[in-house]
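Keep the 3D view open as you read.

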Amino acid sequence: MGRTATFLLLSAALLAAGCRREERSYDTPRAESAAEVIVALAPFSPGGNPPQTTASAKGAEVEQNAYAMSQGKRLFQWYNCSGCHANGGGGSGPALIDDKWIYGSAIDNIVATIREGRPNGMPSFRGRIPDDEIWQIAAYVRSMGRFVPKDAAPSRTDGMQSRPAESRLPSAEPRPVGVPQ
């Protein structure tokens with residue numbers, strides 16, 4: 001009986017140590033301090049320039065963290081991203097729930113878009129939103145496009161959506177704009 005209890009205790013400790021899905025960081029720097037060190041990662045023009053290809057370790061970390069994506073969901077509403085993107089379905093801003101991405105669907109490209117802005121409507125939030133919050137919003141945007149693991153994706157709370165919650169959708173692969181299905 002002692003061996004079984006030890007084995008179960010050791011197994012539980014190993015499982016708990018390997019689970020980073022709910023890890024939370026409570027210390028976030030102010031937006032003004034983050035604005036000085038950040039360098040733009042992606043070009044501003046679509047078409048001839050390829051999308052950002054180098055991935056940041058921060059992106060992989062945030063996309064595996066359910067708490068970070070749920071915070072991103074809250075911040076998406078709080079900063080009124082829905083005002084232009086209409087809960088991801090598109091309005092005066094492009095849709096975020098499809099697989100067509102002008103500036104690339106990688107999390108680094110989405111972070112650069114939020115931080116630096118884009119021509120014809122997307123404002124720059126450099127110095128206005130702390131860097132950690134930008135990464136959380138970008139992770140949530142990727143979850144709307146079904147590009148994150150289902151077990152970390154937040155569920156949709158608004159009842160007027162025409163599709164199921166992000167955590168209930170099948171995984172998808174992004175495709176460049178202009179490529180037929």
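Predicted model: local features only at pLDDT ≥ 70, side-chain atom pairs only at ≥ 80, totals over all residues.

Follow the chain along its sequence and you get the pattern α-α-α-α-α-β-α-α-β. Residues are numbered from 1 along each chain as its sequence is written, and side-chain values use heavy atoms, with hydrogens and water left out.

Now for how the chain packs. Of its 181 residues, 39% count as buried, meaning under 20% relative accessible area with a 1.4 Å probe, protein chains only. Take the contacts (heavy atoms within 4.5 Å) between residues at least 6 apart in sequence: 65% of them join residues at least 24 apart.

As a general point, nonpolar side chains in soluble globular proteins tend to be buried together. Here, the largest nonpolar core has 27 residues, and Phe-76, Ile-137 and Val-141 have the most contacts inside it. A core of this kind is a set of buried Ala, Val, Leu, Ile, Met, Phe, Trp, Tyr and Cys residues joined through side-chain atoms within 4.5 Å. Helices H4 (66-78), H6 (107-116) and H7 (131-144) are the elements that give it two or more residues, and H7 gives the most, with eight. Zoom in on Val-141: setting aside residues up to four places away in sequence, it touches Phe-76, Leu-96, Trp-101 and Ile-110.

How do H4 and H7 meet? Their axes come within 7 Å and cross at roughly 95°; the axes are lines fitted to C-alpha atoms over the stretch in contact, with angles from 0 to 180 degrees between N-to-C directions. So H4 is roughly perpendicular to H7, a label that covers angles of 65 to 115 degrees. Residues making the contact include Gly-72 and Phe-76 on the H4 side and Ile-137, Tyr-140 and Val-141 on the H7 side.

Finally, look at the loop between strand S1 (100-101) and H6, where you'll find Ser-105. Is Ser-105 buried or exposed? It is buried, with a relative accessible area of 11%. Leaving aside neighbours within four places in sequence, Ser-105 is in contact with Ile-110, Arg-142, Phe-147 and Pro-174.

Terms used. Helix = DSSP H or I, 4+ residues; strand = E, 2+ residues; numbered from the N terminus. Buried < 20%, exposed > 50% of the residue type's maximum accessible area, 1.4 Å probe, protein only. Parallel < 35°, antiparallel > 145°, perpendicular 65-115°, else oblique.
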